[in-house]
Amino acid sequence: IAPPRAELDVTDAGSVRAAFARARPAVVVHAAAFTDVAAAERERDACWATNVLGTRHLAAACADASGDAAHGPPLLVHLSTDYVFWGDADPERAARGGYREDDPTGPVRNFYALSKLAAEDEARAAPRHLILRTSFRPRAWPYPVAFTDVRTSQAYVDELAPELALAIRHADELVAAGVRVLHVVGPPTTVFELARRRRPDVAPGTKDSAGVALPDDVVLDRSRWLAWRGRWA
């Protein structure tokens, strides 16, 4: 069930409660988000309402729903981001594969990152929750320039969507095993290298031109995810 915003507006607690009453979900995949990093600096109220209050409303609805006898309240699967980390250039961290799930989060570089970090705390209010940190781009690189000085574990949406779907399909198993946070991402790369894979003519650029503070290196360690994925192969 994927209701449009007219039927389920995460910024409206009443809309969320009504949608839960209709659908009686067992698993709730929270993918709604304000994701324009630069626009978030200008539209802070809208960003906060969607990313933070929206997550709060969903977590509260999950907590209030009784669920079935076998599983209890609905399981909230919250999609988060690599931007919850500061993202400095740390050779030691890079050598071990990037940020791990239990590494300390924050401080944050920009308002979007702040909203998503706060949203993770809101998601934890759901009795049963799984936070999937990820980062993806549209199928086609949409810009003429890509940054050479930002390391990431982003991939394209058509590459990561099946990975995320697999994690969601096994969310009950993951939560039962004590997993609360999981990094579902691609291999380390730079934004420029990622862009060139699908747009060979993309021009190199630097993050100074972004108009908003960006991290240097937000590569996420995905070894835990690869181990779980290997069990289901």
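User: Which residues does Asp-9 touch, not counting residues up to four places away in sequence?

Analyst: In this predicted model, Asp-9 touches Ser-15 and Val-16. A contact requires heavy atoms within 4.5 Å. Asp-9 itself is found in the segment before H1.

User: Why is Asp-9 called buried?

Analyst: The relative accessible area of Asp-9 is 18%. Buried means under 20%, so Asp-9, at 18%, is classed as buried.

User: What makes Ala-18 partly exposed?

Analyst: Ala-18 has 32% relative accessibility. Ala-18 lies in helix H1, which covers residues 13–23. Between Ala-18 and Ala-123 there are 105 residues in sequence and 19 Å in space, C-alpha to C-alpha.

User: Why is Arg-24 called exposed, and where is its place?

Analyst: Arg-24 reaches 66% relative accessibility. Exposed means over 50%, so the term applies to Arg-24. The place of Arg-24 is in the loop between H1 and strand E1 (27–30).

User: What is noted about phi of Arg-24?

Analyst: Phi of Arg-24 is near 45°, a positive value in a residue other than glycine. Most residues other than glycine have a negative phi.

User: Which peptide bond is cis, with omega near -10°?

Analyst: The bond from Gly-106 to Pro-107 is cis. Most peptide bonds are trans. Pro-107 has its place in the loop between helix H4 (91–95) and helix H5 (111–123).

User: How do you know that Arg-93 and Asp-88 form a salt bridge?

Analyst: Side chains of opposite charge can pair when their charged atoms come close. The rule asks for a side-chain nitrogen of Lys or Arg within 4 Å of a carboxyl oxygen of Asp or Glu. For Arg-93 and Asp-88 the closest N and O atoms are 3.1 Å apart, so the pair meets the rule. By this rule the count comes to 19 salt bridges.

User: What makes the contact of Arg-124 with Asp-121 a salt bridge?

Analyst: The N to O value for Arg-124 and Asp-121 is 3.2 Å. The limit is 4 Å, so the two side chains meet in a salt bridge. Arg-124 counts as partly exposed at 35% relative accessibility, whereas Asp-121 counts as exposed at 53%.

User: Which residues are linked in a network of salt bridges?

Analyst: The network links Glu-120, Asp-121, Arg-124 and Arg-133.

User: How do you know that Asp-158 and Arg-198 form a salt bridge, and what does the pair tie together?

Analyst: The closest N and O atoms of Asp-158 and Arg-198 are 2.9 Å apart, and the limit is 4 Å. Asp-158 lies in helix H6 (residues 157–169) and Arg-198 in helix H8 (residues 191–198), so the pair ties together parts that are 40 residues apart in sequence. Asp-158 is partly exposed, with a relative accessible area of 27%. Arg-198 is partly exposed too, at 34% relative accessibility.

User: Why is Pro-187 called partly exposed, and with which residues is it in contact?

Analyst: Pro-187 has a relative accessible area of 45%. That value falls between 20% and 50%, so Pro-187 is partly exposed. Leaving aside neighbours within four places in sequence, Pro-187 is in contact with Thr-152, Ser-153, Gln-154 and Arg-222. Pro-187 lies in the loop between strand E8 (181–183) and strand E9 (189–190).

User: How many helices and strands does the chain have, and why is the chain called as compact as a globular protein of that length?

Analyst: The chain has nine helices and 10 strands. The radius of gyration of the chain is 18 Å, close to the 17 Å that the globule rule gives for 233 residues, so the chain is as compact as a globular protein of that length. Along its principal axes the C-alpha trace spans about 55 × 40 × 30 Å. Buried residues make up 47% of the 233 residues.

Technical notes
Residues are numbered from 1 along each chain as its sequence is written. This is a predicted model: local features need pLDDT of at least 70, side-chain atom pairs count only at pLDDT 80 or more; totals for chains, interfaces and linings use all residues. Side-chain values use heavy atoms; hydrogens and water are left out. Buried means under 20% relative accessible area, exposed over 50%, partly exposed in between (1.4 Å probe, protein chains only). Helices (H or I, at least four residues) and strands (E, at least two) are DSSP runs, numbered from the N terminus. The radius of gyration is taken over C-alpha atoms; the globule rule is 2.2 Å times the number of residues to the power 0.38.
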